Amino acid sequence: MIPEEKSGAVSRALSEAFGVTSFDDVTRLTLGRSPGVFVFRIVVRGRPYLLRVIMRTDDATRHFECMKTAAEAGLAPHVWYTSIEDRVSITDFVDTVPLPRAGALRRMAATLRTLHALMPFPTIPDHINTSCMFLLNKGPAFDGFIANVKAANVLSNSESDELFAAYESVASVYQRRDSDMVSSHNDLFKPDNILFDRNRVWLVDWEAAFLNDRYADLAVVANLLVTNEDDERAFLGEYFGQPPDAYQATRLFLMQQVAHIFYAMGFLWLGSLGGAVSRNEAAPGWDDFQRRFWAGEIKLEDAPAKTLYGAVHLERLLQNVRTPRFSKAIRIVSDGVG
């Protein structure tokens with residue numbers, strides 16, 4: 001079950017972490033796995049742990065550093081072992097139960113407040129596209145991403161015109177602020193990376209972690225959990241420790257639109273890679289879709305699911321940019337006032 005080429009690395013990990021060279025039991029996990037990564041539940045001396053084996057050749061230094069920092073802060077499971085050279089890690093295994101969506105709103109706001117207060121994570125080059133903030137860093141990587149989306153013909157002419165008009169409106173006013181650059185997870189659009197053990201929330205899969213705009217994490221979590229303006233005020237109030245001002249609420253709202261653009265284009269394009277995917281059926285309602293996504297009823301494992309996910313974000317974006325709040329938000333952030 002362990003990839004043969006990684007068996008020596010796993011034996012070294014077990015020896016250094018626990019003084020053994022084998023485990024009592026092993027089960028491969030498929031939920032929430034990243035591309036090029038094998039994840040296992042292993043049992044050593046009667047206790048379960050999580051073993052991650054990265055098959056890719058990219059540098060795991062930033063990943064492991066951020067994961068350890070988060071674990072020391074009680075945000076990620078305890079780290080027993082990492083090897084940058086072998087790209088192997090062992091952490092505590094979390095026995096999870098469903099986290100009710102209603103209670104998750106304040107829990108996640110508090111979790112993000114703690115995460116964003118950590119010592120700064122490393123920065124990454126602007127061309128890394130693991131966060132919706134990628135869209136606000138124009139350059140060759142951005143141009144290539146847009147070219148791929150356009151070449152795939154996943155948007156109608158009217159959808160494309162409206163989406164890119166919305167993007168240009170936001171990109172022209174949403175400026176980077178050093179005070180908002182914080183240690184960020186950057187992969188919380190997937191509920192699989194948010195675990196609950198009946199007592200506390202744990203964040204897992206730190207491969208995309210780096211220093212980023214605080215509103216990127218806030219926006220993707222708000223898209224999962226915030227259903228109305230009362231929710232928005234409660235979410236931001238818990239995060240900031242006081243009622244949000246108009247400028248804070250507006251930056252969140254605009255970053256949510258950046259996230260909609262990013263995931264609409266990205267997942268419609270990903271859905272098209274396996275061939276033409278039909279979008280004849282109307283996208284489901286936003287709140288119902290996100291409720292089902294949070295509950296684990298929807299998985300982004302095949303082309304139709306990815307296409308549906310992109311279509312839902314596209315429809316939500318188009319609804320939002322047609323509201324008075326969008327034009328007002330552009331004015332508020334452009335003026336830079338609260």
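**Solution 1.** First, some ground rules. This is a predicted model, where local features need pLDDT of at least 70, side-chain atom pairs count only at pLDDT 80 or more, and totals for chains, interfaces and linings use all residues. Residues are numbered from 1 along each chain as its sequence is written, and side-chain values use heavy atoms, with hydrogens and water left out.

Step 1: find the space. On a 1 Å grid over the protein atoms alone, a cavity is a set of points where a 1.4 Å probe fits but cannot get out, and lining residues have an atom within 4 Å of a point. Points are joined across faces, edges and corners, and the volume is the space filled by probe spheres set on them.

Step 2: assign elements. Helices (H or I, at least four residues) and strands (E, at least two) are DSSP runs, numbered from the N terminus.

**Exercise 1.** Work out which residues line the second largest cavity, and sort them by class.

**Solution 2.** Step 1: this cavity holds about 30 Å³, and its lining is Phe 189, Val 220, Asn 223, Leu 224, Tyr 263, Gln 290, Tyr 309 and His 313.

Step 1: α6 and α10 (303-321) each give two or more residues to that lining, and α6 has the largest share with three.

Step 2: count Ala, Val, Leu, Ile, Met, Phe, Trp, Tyr, Cys and Pro as nonpolar, Asp, Glu, Lys and Arg as charged, and the others, Gly among them, as polar. That makes five nonpolar, three polar and no charged residues.

**Exercise 2.** Describe how α6 and α9 pack.

**Solution 3.** The axes of α6 (214-225) and α9 (286-294) come within 8 Å and cross at roughly 100°.

Step 1: name the geometry. Angles of 65 to 115 degrees count as roughly perpendicular, so α6 and α9 are roughly perpendicular to each other.

Step 2: pick out the contact (heavy atoms within 4.5 Å). Asn 223, Leu 224 and Leu 225 of α6 meet Trp 286, Gln 290, Phe 293 and Trp 294 of α9.

**Exercise 3.** Give the strand order of the open sheet.

**Solution 4.** Step 1: strands pair if DSSP finds at least two bridges between them. The five strands run β1-β2-β3-β5-β4, with antiparallel pairing.

Step 1: the edges are β1 (25-29) and β4 (79-83), each pairing on one side only.

Step 2: check one pair. Four bridges join β4 to β5 (88-92), and Tyr 81 has Ile 90 as its bridge partner in β5.

Conventions: Axes fitted to C-alpha atoms, helices over the stretch in contact; angles between N-to-C directions. Parallel < 35°, antiparallel > 145°, perpendicular 65-115°, else oblique. 1 Å grid on protein atoms, 1.4 Å probe; cavity = no way out; pocket = protein on both sides within 12 Å on 5 of 7 lines; lining within 4 Å.
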